[in-house]
Amino acid sequence: MVFGAIEAGGTKFVVAVGDASGKVLKRETYPTTEPAETMKYVEHFFKQYEGELEAIGVGSFGPIDVRKSSPTYGYITSTPKLAWRNYDIVGALKKSFSVPVGFTTDVNAAALGEVTLGAAEGLSSCMYITIGTGIGAGAVVNGKMLEGYSHPEMGHIMVRRHKHDRYQGNCPYHSDCLEGLAAGGAIEKRWGKKGVELAENEEVWNLEAHYIAQALMNYSLILSPERIVIGGGVMKQRQVFPLVRQKLKALIAGYIQLPDLESYIVPPKLEDDAGITGCILLAAQTKDENKRSDTTTI
């Protein structure tokens with residue numbers, strides 16, 4: 001009995017099968033090109049497990065439609081990746097495989113992975129934030145992934161511009177939102193080099209921490225997560241973590257008592273496997289939910 005997982009990213013699809021505990025048994029990676037090409041590889045991978053496959057969990061780049069009552073549930077919607085705009089990824093999988101399909105964002109899946117088996121294991125709530133090419137965040141609250149009329153889009157909150165920052169912002173929708181000012185693309189355009197080439201430049205990371213700390217203050221005041229896990233390519237610069245903790249403490253200014261910041265703001269324990277692990281766990285959850293639904297109907 002195996003569970004399928006798809007971490008659908010803007011540059012690559014990671015597909016895997018795993019067991020109910022979240023352990024990855026086999027995985028492959030394909031480039032994100034056009035749906036017909038990429039999904040052909042995905043379907044070929046899972047065809048190897050026909051008869052064993054119990055469910056598939058999908059954690060996708062967005063925006064996506066997660067409302068099960070919506071006529072476009074299961075679609076990737078207004079993505080800047082034009083070939084994938086309004087693509088029914090859940091419908092495509094259901095046509096090929098007669099198994100339940102769970103669907104959420106890539107960052108919600110990563111949050112589920114980290115709260116179940118990673119840096120927030122044993123807690124009932126956590127946030128997972130990825131800071132890379134873009135910025136996204138997911139949350140698990142009381143054991144459930146946070147979703148409402150849509151899913152969280154916490155990378156697009158507004159933050160106060162640093163008084164010395166003259167960069168206009170990189171977001172095509174909002175210009176100087178959090179993603180527009182602090183994602184990897186913004187760092188490269190502001191400074192003329194990729195973040196990895198700027199590792200020794202303290203000014204770069206102090207400015208980055210200025211924006212990240214504001215976001216964490218907002219998230220902490222609104223959601224009160226028990227732990228905040230921050231991953232993504234930008235955060236591989238581990239020198240950012242102490243700067244963010246320091247600036248968050250200053251911003252909170254004693255208004256609320258946060259947990260110990262060393263254990264409150266942490267890198268992912270599952271590292272680059274947080275998303276695909278969460279997708280396996282989502283598949284197992286989806287199978288259980290379908291089983292309970294069938295039992296209730298009977």
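Mentor: Keep in mind that this is a predicted model. Its largest nonpolar core has 38 residues, and the ones with the most contacts inside that core are I129, L216, I230, L248 and I265.

Trainee: Which element gives the most to this core?

Mentor: Several elements each supply at least two residues of this core, and among them are the strands β8, β9 and β11 as well as the helices α4, α6, α7 and α8. With 10 residues, the element that gives the most to this core is α6.

Trainee: Which residues does I265 touch, not counting residues up to four places away in sequence?

Mentor: I265 is one of the residues with the most contacts inside the largest nonpolar core. Leaving out residues up to four places away in sequence, I265 touches L216, I228, I230, F241, V244, R245 and L248.

Trainee: Which element gives the most to the lining of the largest cavity?

Mentor: A search of the whole structure finds 1 cavity of 30 Å³ or more, and the volume of the largest cavity is about 30 Å³. Its lining is formed by I129, I131, I135, L178, I212, A215 and Y219, which by class are 7 nonpolar residues, with no polar and no charged ones. Both β8 and α6 supply at least two residues of that lining, and the element giving the most, with 3 residues, is α6.

Key:
Residues numbered from 1 in each chain as written. Predicted model: local features only at pLDDT ≥ 70, side-chain atom pairs only at ≥ 80, totals over all residues. Heavy atoms only, no water. 1 Å grid on protein atoms, 1.4 Å probe; cavity = no way out; pocket = protein on both sides within 12 Å on 5 of 7 lines; lining within 4 Å. Points joined across faces, edges and corners; volume = space filled by probe spheres on them. Helix = DSSP H or I, 4+ residues; strand = E, 2+ residues; numbered from the N terminus. Nonpolar A, V, L, I, M, F, W, Y, C, P; charged D, E, K, R; others polar. Core = buried A, V, L, I, M, F, W, Y, C linked by side-chain atoms within 4.5 Å. Buried < 20%, exposed > 50% of the residue type's maximum accessible area, 1.4 Å probe, protein only. Contact = heavy atoms within 4.5 Å.
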